[in-house]
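Here are my notes on the model you sent.

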Amino acid sequence: SKATVSVLNCHHRPPQPTMSQFVTDFLIGGCSASFAKTCTAPIERVKLVIQTQDANPKIVSGEVPRYTGIGNCFSRIYAEQGLGAFWRGNLTNILRYFPTQAFNFAFKDTLKTLFPKYNPKTEFWAFFATNMASGGLAGAGSLCIVYPLDYARTRLASDVGTGKRDFNGLGDCLIKTAKGPKGVLGLYNGFGVSVVGIIPYRGTYFGIFDTLKTKNPYQKDLGVMGFASKFAVAQTAAIAAGFASYPFDTVRRRLQMQSEKPKEQWAYKGSMDCFTKIIKNEGMGAMFKGAGANVLRTVGAALVLVLYDTAQQTLAANK
């Protein structure tokens with residue numbers, strides 16, 4: 001019937017991506033992420049230190065004084081550990097971020113082909129929901145693969161003070177934790193709340209970006225206006241996603257801080273216990289500790305989206 005044909009035309013499935021397209025997406029996403037993360041590593045280190053200080057034994061015991069804010073944290077890391085310390089854990093972050101972001105982008109575009117294709121002008125909410133769903137599923141899937149590296153990144157970056165470091169590097173961190181009371185599962189401490197948090201983060205991140213992108217009049221411009229407008233769209237998406245998932249991220253980092261310790265030394269029994277104790281003992285605002293630095297850090301996340309999108313456009317234009 002005509003109605004059936006009309007529905008099929010409205011909701012036809014896009015063509016399946018080829019393996020070469022998947023590999024191209026993987027490489028563009030990974031390279032964009034590595035570059036952006038190296039640029040914003042100092043901000044990310046400060047954010048992690050502030051976010052985890054209430055679960056850091058050196059700070060809780062009084063061995064290392066508390067950090068009072070972003071400026072105080074920047075100046076003290078430089079004075080106590082030197083300039084290079086701002087990039088502590090950055091190699092691990094690239095090792096983690098390359099597959100994370102590459103899989104996110106590649107899976108997102110592949111997963112989008114599993115959903116009907118909606119017109120953003122006439123079916124806005126269906127289009128937005130599809131982008132949210134594909135972005136969230138891509139984020140959750142990639143997290144399963146790289147979570148131990150995410151754990152190591154947190155532990156290496158949150159090592160503070162001038163004394164002996166907790167871990168000598170990526171390998172030492174992974175081995176010591178795997179030899180702890182929980183074994184290899186210690187590397188996945190906080191994984192449950194991470195999966196819950198990654199869905200609103202990636203879903204909001206890709207959902208808003210892909211949706212606003214269609215409304216950007218300079219979307220196809222490869223010049224300065226195109227880059228600036230795409231960056232504004234990406235920055236909006238990154239900030240919104242950061243705030244949507246930040247409480248989950250705080251709980252995850254706190255749980256990661258106790259992974260290698262005996263169970264009797266744990267401050268939190270699990271995700272819900274951690275949520276409850278933080279709100280009860282420190283107030284709701286504690287869920288957003290380091291969020292100011294995180295807003296600055298989103299410059300890197302926005303840069304990743306813009307570089308990825310521009311690289312794809314440039315490749316398409318050269319074909």
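1. Is F74 buried, partly exposed or exposed? At 28% relative accessibility, F74 is partly exposed, where buried means under 20% relative accessible area, exposed means over 50%, and partly exposed lies in between (1.4 Å probe, protein chains only). F74 sits in helix α4, residues 70–81; helices here are DSSP runs of H or I with at least four residues, and strands runs of E with at least two, numbered from the N terminus. Beyond its neighbours within four places in sequence, F74 contacts P42, I43, V46 and F86, a contact being heavy atoms within 4.5 Å.

2. On the basis of the model: residues are numbered from 1 along each chain as its sequence is written, and side-chain values use heavy atoms, with hydrogens and water left out. This is a predicted model, in which local features need pLDDT of at least 70 and side-chain atom pairs count only at pLDDT 80 or more, while totals for chains, interfaces and linings use all residues.

3. Confidence. The mean pLDDT (the predictor's confidence in each residue, from 0 to 100) is 83 for the protein, and 94% of residues reach 70 or more.

4. A nonpolar core is a set of buried Ala, Val, Leu, Ile, Met, Phe, Trp, Tyr and Cys residues joined through side-chain atoms within 4.5 Å. The largest has 22 residues, and F105, Y205, F206, F209, A234, V304 and L305 have the most contacts inside it. Two or more residues come from each of α2 (19–52), α5 (90–112), α8 (191–213), α9 and α11 (291–318). Helix α11 gives the largest share, six residues. The contacts of F209, leaving out residues up to four places away in sequence, are T204, K230, V233, A234, A237, L305 and D309.

5. Second core. A separate core of eleven residues includes V64, Y67, C73 and A85.

6. Helix α9. Q235 lies in this helix, residues 224–256. Its relative accessible area is 15%, so Q235 is buried. Outside its sequence neighbours up to four places away, Q235 touches V295, T298, V299 and A302.

7. Salt bridges. The whole structure has 19 salt bridges, each a side-chain nitrogen of Lys or Arg within 4 Å of a carboxyl oxygen of Asp or Glu. D150 and R253 form one at 3.8 Å, N to O. D150 is in helix α6 (residues 124–157) and R253 in helix α9, so this pair ties together parts 103 residues apart in sequence. Both D150 and R253 are buried.

8. R155 and E260 meet in a salt bridge at 2.6 Å, N to O. R155 is in helix α6 and E260 in the loop between α9 and α10, 105 residues apart. With a relative accessible area of 3%, R155 is buried, whereas E260, at 23%, is partly exposed.
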